[in-house]
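Hi,

Here is the structure I said I would pass on. Have a look at it first, and then read my notes below.

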Amino acid sequence: MELSIIKHTGEDTGRKISLSDAIFDIEPNDHAIYLDVKQKMANARQGTHKSKERAEISGSTRKIKKQKGTGTARAGSIKSPIFKGGGRVFGPRPKDYSFKLNKKLKAVARKSALTYKAKDQMISVLEGFTFNEVKTKNYTDMLNKLSLDAKKTLLVLPEVDKNIVLSGRNIKNTRVTTVDSLNTYDVLHADQLLFVEGSLEKIENLFK
């Protein structure tokens with residue numbers, strides 16, 4: 001697949017670039033995509049949920065009523081789960097939800113996601129650029145000139161550019177990342193992928 005290289009101002013450079021078939025034109029593996037997204041979401045969970053059980057409740061340990069003769073069920077403690085304010089039965093406990101995936105499977109998942117975006121013509125290639133200063137308006141102007149201000153975009157840089165990253169940080173539906181940090185979830189979440197020209201060569205080397 002060949003794509004035109006455009007400037008971040010929206011102008012066509014007159015040059016074209018070919019996307020690697022080994023990355024952008026493979027047989028997609030939906031299950032690999034599912035596992036990779038599931039891992040990212042699971043790893044993001046804090047797992048700090050906790051409720052107090054009977055032994056952890058602050059309260060009197062005095063037997064609240066006599067054992068027999070009340071006509072009701074026996075009760076030995078106000079901390080019993082059957083009373084208001086008592087401990088919770090089988091409540092949540094802190095848990096680590098993260099799990100590991102094979103590196104090759106993760107690579108297949110990311111290539112599959114990129115293939116879907118390429119087939120749906122949701123990829124654009126930008127000529128290398130930078131901003132002279134950190135300014136949100138610079139980034140919003142770029143999106144407006146590319147007619148992407150109403151879409152969810154993912155800008156992929158070959159390496160961290162502080163001025164670009166900070167300029168786009170507070171814009172809704174916009175994410176800036178590098179090739180090294182590219183993940184399946186972000187690729188699928190975006191309506192349009194913006195690859196800076198230098199990032200394509202780097203991504204080919206990454207997935208070799």
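Predicted model: local features only at pLDDT ≥ 70, side-chain atom pairs only at ≥ 80, totals over all residues.

**Ser112 and its surroundings**

The backbone oxygen of Val108 sits 2.7 Å from a polar atom of the Ser112 side chain. Ser112 belongs to helix α3, and its relative accessible area is 0%, so it counts as buried. Leaving out residues up to four places away in sequence, Ser112 touches Ile26, Glu27, Pro28, Asn29 and Ile33.

**Helix α2**

Two of those neighbours lead on to the next helix. Asn29 caps the N-terminal end of α2, with a side-chain oxygen 3.2 Å from the backbone nitrogen of His31. Ile33 is one of the buried residues of α2, along with Ala32, Leu35, Asp36, Val37, Gln39 and Ala42. The cover over these buried residues includes α3 (103–119) and α6 (184–189). As for geometry, α2 runs over residues 30–43, 14 residues in total, and spans 20 Å from its first C-alpha to its last, close to the 20 Å expected at 1.5 Å a residue.

**Asn183**

Asn183 lies in the loop that joins β5 and α6. Is it buried or exposed? With a relative accessible area of 11%, and with buried meaning under 20%, Asn183 is buried. Its side chain reaches the backbone nitrogen of Tyr185 at 3.2 Å. Neighbours within four places in sequence aside, Asn183 is in contact with Lys40 and Arg110.

**The sheet**

There is an open sheet of 6 strands, in the order β2-β1-β3-β6-β4-β5, and the pairing is mixed. Which strands stand at the edges? They are β2 (12–18) and β5 (174–178); each has a single partner strand, so one side of each has no neighbour in the sheet. From one strand to the next the twist averages 30°.

β5 pairs with β4 in the parallel sense, over 5 bridges. Within β5, Thr178 is the bridge partner of Leu157. Helix α7 packs on the sheet and touches β1, β2, β3, β4 and β6, and its direction makes about 90° with that of β6. Although β5 is an edge strand, 4 of its 5 residues are buried, so β5 is largely enclosed by the rest of the structure.

**The nonpolar cores**

Which residues have the most contacts inside the largest nonpolar core? They are Phe24, Leu114, Ile123, Leu193, Phe195 and Ile203, in a core of 23 residues. At least two residues of this core come from each of β1 (2–6), α1 (21–24), α3, β3 (123–126), β4 (153–157), β6 (192–196) and α7 (197–206). The largest share, 4 residues, is supplied by α3, the helix that also holds Ser112.

Not counting residues up to four places away in sequence, Ile203 touches Ile23, Leu114, Val179, Leu182 and Phe195.

Cheers

Notes. Residues numbered from 1 in each chain as written. Heavy atoms only, no water. Expected span 1.5 Å × (residues − 1). Buried < 20%, exposed > 50% of the residue type's maximum accessible area, 1.4 Å probe, protein only. Contact = heavy atoms within 4.5 Å. Polar contact = N/O pair within 3.5 Å; in protein donor to acceptor, adjacent residues only side chain to side chain. Core = buried A, V, L, I, M, F, W, Y, C linked by side-chain atoms within 4.5 Å. Pairing = 2+ DSSP bridges. Axes fitted to C-alpha atoms, helices over the stretch in contact; angles between N-to-C directions.
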